[in-house]
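Subject: Structure handover

Hi,

Here is the structure I said I would pass on.

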Amino acid sequence: MRLATHPATYTALALIGFEPGDEIVYLNNQPIYGPYGLDQAHGYTNFTFINVRTGQYQQAAAYVP
């Protein structure tokens with residue numbers, strides 16, 4: 001799932017530093033295929049994403065209420 005806009009302030013995605021164009025590809029080591037995959041993110045969540053600035057895979061973790 002590619003981010004189209006900046007995440008809302010103080011959300012897990014904003015605190016990790018996601019920016020428009022970054023693409024989330026895994027949540028807790030499970031592939032996601034669209035925005036509905038984010039519904040599975042609750043509690044401590046591991047994100048694997050492609051950083052649009054570097055083109056590299058990165059990992060980050062955050063608590064998602």
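Predicted model: local features only at pLDDT ≥ 70, side-chain atom pairs only at ≥ 80, totals over all residues.

Strand 1 and strand 2 are joined by two bridges, and Leu27 has Gln30 of strand 2 as its bridge partner. Strand 3 and strand 4 are held by eight bridges; one to look up is Thr48, whose partner in strand 4 is Gln59. The hairpin of strand 3 and strand 4 has six residues between the strands, and there Gly55 takes a positive phi near 75°.

Next, the core. The largest nonpolar core has 14 residues, and Leu13, Phe18, Ile24, Leu27 and Phe47 have the most contacts inside it. Helix 1 (12-16), strand 1 (23-27), strand 3 (43-50) and strand 4 (57-64) each give two or more residues to this core. Strand 4 provides the largest share, with three residues.

Now the charged side chains. How many salt bridges does the count come to? The count comes to three. In one of them, Arg2 pairs with Glu23, with the closest N and O atoms 2.9 Å apart. This pair links distant parts of the chain, as Arg2 is in the segment before helix 1 and Glu23 is in strand 1, 21 residues apart. Arg2 counts as exposed at 52% relative accessibility, while Glu23 is partly exposed at 22%.

Arg53 takes part in a salt bridge with Glu19 (2.9 Å, N to O). Arg53 lies in the loop between strand 3 and strand 4 and Glu19 in the loop between helix 1 and strand 1, so this pair ties together parts that are 34 residues apart in sequence. Arg53 also meets Asp22 in a salt bridge, at 3.5 Å from N to O. Through these shared partners, Glu19, Asp22 and Arg53 join into one network. Is Asp22 buried or exposed? Asp22 is buried, at 0% relative accessibility, whereas Arg53 is partly exposed at 46% and Glu19 is partly exposed at 31%.

Asn51 is in the loop between strand 3 and strand 4, and its relative accessible area is 6%, so it counts as buried because the cut-off is under 20%. The Asn51 side chain reaches the backbone nitrogen of Arg53 at 2.8 Å. Not counting residues up to four places away in sequence, Asn51 touches Asp22, Gln56 and Gln58.

Last, a look at Asn28, which is placed in the loop between strand 1 and strand 2. Asn28 is partly exposed, with a relative accessible area of 33%. Apart from neighbours within four places in sequence, its contacts are Tyr44, Thr45 and Asn46.

Cheers

Note on methods: Residues numbered from 1 in each chain as written. Heavy atoms only, no water. Core = buried A, V, L, I, M, F, W, Y, C linked by side-chain atoms within 4.5 Å. Buried < 20%, exposed > 50% of the residue type's maximum accessible area, 1.4 Å probe, protein only. Helix = DSSP H or I, 4+ residues; strand = E, 2+ residues; numbered from the N terminus. Pairing = 2+ DSSP bridges. Polar contact = N/O pair within 3.5 Å; in protein donor to acceptor, adjacent residues only side chain to side chain. Contact = heavy atoms within 4.5 Å. Salt bridge = Lys/Arg side-chain N within 4 Å of Asp/Glu carboxyl O.
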